[in-house]
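Have a look at the structure, then read on.

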Amino acid sequence: LHVPFAPFSRSEKLGRIADFTRSFANANPSNRPSSGKPGAASSESPFDFSLDLDTFPLANPEDDSSFRLVDAKPPTRPKFGPKWRFNQHRPQLPQRRDEEVEARKREAEKEPAIFKSSVDIQPEWNMLDQIPFSTFSKLSFSVPEPEDILLCGALEYYDRSFDRITPKNERRLERFKNRNFFKVTTTDDPVIRRLANEDKATVFATDTILATLMCAPRSVYSWDIVIQRVGNKLFFDKRDGSQLDLLSVHETSQEPLPEAKDDINSAYSLSVEAAYINQNFSQQVLVRDGNKVSFDEPNPFANEGDEVASVAYRYRRWKLDNDMYLIARCEVQSVVEVNNQKSFLTLNALNEFDPKYSGVDWRQKLETQRGAVLATELKNNANKLAKWTAQSILASADLMKLGYVSRVHPRDHFNHVILGVVGYKPRDFAAQINLNTANMWGIVKSIVDLCMKLNEGKYVLVKDPSKPQVRIYEVPADAFENDYVEEPLPEEEQVQPPAEDTEAGEPNGTTNDVEAKETETQT
């Protein structure tokens, strides 16, 4: 009695009457539509009726707060399927570690990191030119095959057992404190001084400096190269303790590193750690049975009786023009015998410091997804890998070995393990990372041509810390002289310093004796 009835057809769609999946016990009753009668849906509803509380004593107006009237229009058609089913009413999961990293990354993109210049620009320096990296991408220059002028040092054989290392049978990285490693700049090299005096070339550099120039467009951090024009010759130098002696880590990554210099994951701390890892790795993967391959001359930087790291210096000459040659000191770290022929190797190591920064855990992925690990390293360390490849090509190494070295624990930056070693042919790897040899030499040739137009004197080429460009400054003749370490010369090479007013414009007592000798030769 008193219950209305509305006829309907089977073809008509019926909406939901009430939604029992959500609780509205605490909802505000004043937000519900009302017609002034308890239990009423709407004044226009065909079911507009009022209940007699005497007939239905349970229909108390205070109890109707637990009910909710729902819109009667048809619901949207769901996309049925397993994905839809399992996504319905999924509980909120706790935020994952990689999501935290992504959140920090988005914050970092809003506030770009500010890097410091590798060298303090002095007010008396005169800026001569500013070259954006965009101009480098269009350059191309082909050089003929180089010739070896001299080979120095001795190489130990590579231990092939390291090729079989996996994360499951990792090896602890050893320390080689007694072996001497040398980072000698161009004008402090006695062999280059000798070759300069013999007029063997007009441009002199090292493989590290050339690789820095060749891969400049990939660099993010600031670096600097000292350029000295002496007579008709050009010397590319690095400052002692320069950034070029270290190895950048995470340079091209979007994930910012901690800014505090004393943090073990800061850019500076990681670069020191990477240099330490590379030195030890390059000596651990050798056979070390005393069997060595010796060359024309011994290590030019070692004293008699010193224990020297396995390294060979190839002094090589390239023809840049009809009357312009370039000599560079190139390094290889090991040798291996293949089909009764000796092949030269370069040895370098990538280092993992904390998987949450790279997003890839080497211990889990290196064996099954090595390509993904390498792709991540190419994204985060594009400049470093390109420089290693360029140095291998300059030295004409037959193979470049890349080691994967990780911390024992993410917070322990003193102890490391080797998780794997992979070998690549330098030119094949260059093609894989889109490193164009003609473009590399085009960059070097353009900078050499620019510097040959400068007057005699000292200059510095600085990568801008915040923009993709380099600047050339003219600096005083005594600039950086406190950064150089005076190396005693053999008696036959020692010359008297020239008078103060020399053609080279260098004052008395400069540490780079090659300039004094060059002036004396011209006179």
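A cavity here is a set of points, on a 1 Å grid over the protein atoms alone, where a 1.4 Å probe fits but cannot get out, and lining residues have an atom within 4 Å of a point. Grid points are joined across faces, edges and corners, and a volume is the space filled by probe spheres set on the points. The model is predicted: local features need pLDDT of at least 70, side-chain atom pairs count only at pLDDT 80 or more, and totals for chains, interfaces and linings use all residues. Numbering starts from 1 along each chain as its sequence is written, and side-chain values use heavy atoms, leaving out hydrogens and water.

**Cavities**
- Searching the whole structure gives 3 cavities of 30 Å³ or more.
- The largest cavity has a volume of about 120 Å³, and among its 13 lining residues, Gln-243, Ser-248, Glu-251, Asn-383 and Lys-387 lie nearest its centre.
- That lining has 5 nonpolar, 6 polar and 2 charged residues, where Ala, Val, Leu, Ile, Met, Phe, Trp, Tyr, Cys and Pro count as nonpolar, Asp, Glu, Lys and Arg as charged, and the others, Gly among them, as polar.
- The second largest cavity holds about 80 Å³, and its lining includes His-250, Phe-353 and Trp-362.

**Sheet**
- An open sheet of 10 strands runs in the order β1-β15-β14-β5-β6-β4-β9-β8-β2-β7, with mixed pairing; strands (E, at least two residues) are DSSP runs numbered from the N terminus, and two pair if DSSP finds at least two bridges between them.
- β1 (126-132) and β7 (292-294) are the edge strands, each pairing on one side only.
- β4 (203-206) and β9 (324-332) pair in the parallel sense over 4 bridges, and Ala-205 has Ala-328 in β9 as its bridge partner.

Definitions and conventions: On a 1 Å grid over the protein atoms alone, a cavity is a set of points where a 1.4 Å probe fits but cannot get out, and a pocket is an open set with protein on both sides within 12 Å along at least five of seven lines; lining residues have an atom within 4 Å of a point.
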